[in-house]
Amino acid sequence: MIVNSILETIGRTPMLHISLRRGEVDLYIKLEMFNPTGSMKDRMALNMIESTHSEVAIGIVESSSGNTASSLAMISAVRRLEFTALMDSHASLDKILTVRAFGSHVQIVGNDDGALATDERDEQARRFAIQNCYYWTEQHNNPANAAGYAGLATELLDDLGPTITHFVSAIGTGGSLCGTARQLRMHVPGVQVIGVEPVGSIIFGGQGGHYHQSGTGTPQGANVGMVIDYDVIDWGRKVGDDEAFSTCHYLARRHGVLVGGSTGGAIYEALSLAREAPVSSRIVALACDSGTKYLDTIFNEEWLSKHNIRVIDVEAQFADLFAS
Ligand SMILES: Cc1ncc(COP(=O)(O)O)c(C=O)c1O
């Protein structure tokens, strides 16, 4: 494939098929790390930039845990836009360096206590936009975020048609889950949509607490943005860091697929679901980003033990699903 711009390589990502319960249930993992910056966020970032009518703005600002910032930085390089990312002090170094590599700027927000500073980042982005005459893409409240996943739904329908029974994904801003689900439902009205957040995130209620899954969930005290559309979600589920990161290890060691922690959570939930799902279920789960962004955390034994994360044997836990 020859392209005239890296932006042409966004989308058309492959799917990994895993047969479960001796062929009774199929799991399809949509490998979004094949997008140019290694995450699904390239899709929504392009759509947010293309849908802006603010030609007056000389640049773009966004508050991000890292993936949206990487995507906006890559697109800004191609489109010759100025971009500043507001990121947490504990954002992965890989993500900070990626934004800088594209020629964009990073401002670090919050202190180093590991707490997520989502609201503080948003407030600084708002002020930065006003002071510098920049456009704040405001991913938590921008309909172009969710709309950016229409192509993803089309790809799923092209590959699997109306046979999809379940759609499972992590939820942060809600753009990928709700945007894809809304389109899917138009063609597959009965599809079950399951949002997965970390234990400690409050999107589906419950007690707030600390978690290490990056990019996903909403911490206690932060606002749940307007992009989350509870009407298109059937169930909300919570998965702990132990289970999420152990699933990343399972996927890496058993299937050779490196995914991030939010994907680990979604796949763990998809496997739990596969146990109870009716025969002939076809479960689609999104792999949001690449595990190469987390080699020094999720895949680093020292980091895991420092944060009291216990790696469990996912293959043994779901042995009934994997028996051939
Ligand atoms: C790794 C990762 N997983 C999940 C999400 C959540 O996706 P969304 O914001 O579309 O709900 C994000 C968002 O930043 C992310 O970076």
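Axes are here lines fitted to C-alpha atoms, for helices over the stretch in contact, and angles between them run from 0 to 180 degrees between N-to-C directions. On that basis, in this predicted model, helix H2, which spans residues 67–79, packs with helix H3, residues 93–101, at an angle of about 15 degrees, and the two axes lie 8 Å apart. Since angles under 35 degrees count as roughly parallel, H2 and H3 are therefore roughly parallel to each other. The crossing in which H2 passes H3 is left-handed. On the side of H2 the contact is formed by Asn67, Ala69, Ser70 and Ala73, and on the side of H3 by Lys95, Thr98 and Val99. Sorted by class, this contact of H2 with H3 comprises three nonpolar, three polar and one charged residues.

H2 also packs with helix H1, which covers residues 41–50; here the angle is about 50 degrees, and the axes are 8 Å apart. The helices H1 and H2 are therefore oblique to each other, and H1 passes H2 in a right-handed crossing. From H1, the residues Lys41, Asp42, Ala45, Leu46 and Ile49 meet a set in H2 that consists of Asn67, Thr68, Ser71, Leu72, Ile75 and Arg79. The contact of H1 with H2 divides into five nonpolar, three polar and three charged residues.

At the level of the whole chain, the domain assignment gives domain 1, made up of residues 6–34 together with 146–319, and domain 2, residues 53–136. The centres of domain 1 and domain 2, taken over C-alpha atoms, are separated by 25 Å. Contact between the domains involves 13 residues of domain 1 and 13 residues of domain 2. On the side of domain 1 that touches domain 2, the residues divide into five nonpolar, six polar and two charged.

The ligand is surrounded by 19 residues, of which the closest are Gly172, Thr173, Ser176, Gly215 and Ser262. Both domains contribute to this shell, with at least three residues drawn from each of domain 1 and domain 2. Among the helices, H2 and H7, the latter covering residues 175–187, each supply at least two residues of the shell around the ligand, and the largest share, three residues, comes from H7. By class, the shell around the ligand contains four nonpolar and 14 polar residues and one charged residue.

How values were computed
Residues are numbered from 1 along each chain as its sequence is written. This is a predicted model: local features need pLDDT of at least 70, side-chain atom pairs count only at pLDDT 80 or more; totals for chains, interfaces and linings use all residues. Helices (H or I, at least four residues) and strands (E, at least two) are DSSP runs, numbered from the N terminus. Angles under 35 degrees count as roughly parallel, over 145 as roughly antiparallel, 65 to 115 as roughly perpendicular and the rest as oblique. A crossing is left-handed if the near helix is turned anticlockwise from the far one by less than a right angle, and right-handed if clockwise. Two residues are in contact if their C-beta atoms, placed from the backbone, lie within 7 Å. Ala, Val, Leu, Ile, Met, Phe, Trp, Tyr, Cys and Pro count as nonpolar, Asp, Glu, Lys and Arg as charged, and the others, Gly among them, as polar. A residue is near a molecule or strand if its C-beta atom, placed from the backbone, lies within 6 Å of it. Domain bounds come from an automatic or database domain assignment.
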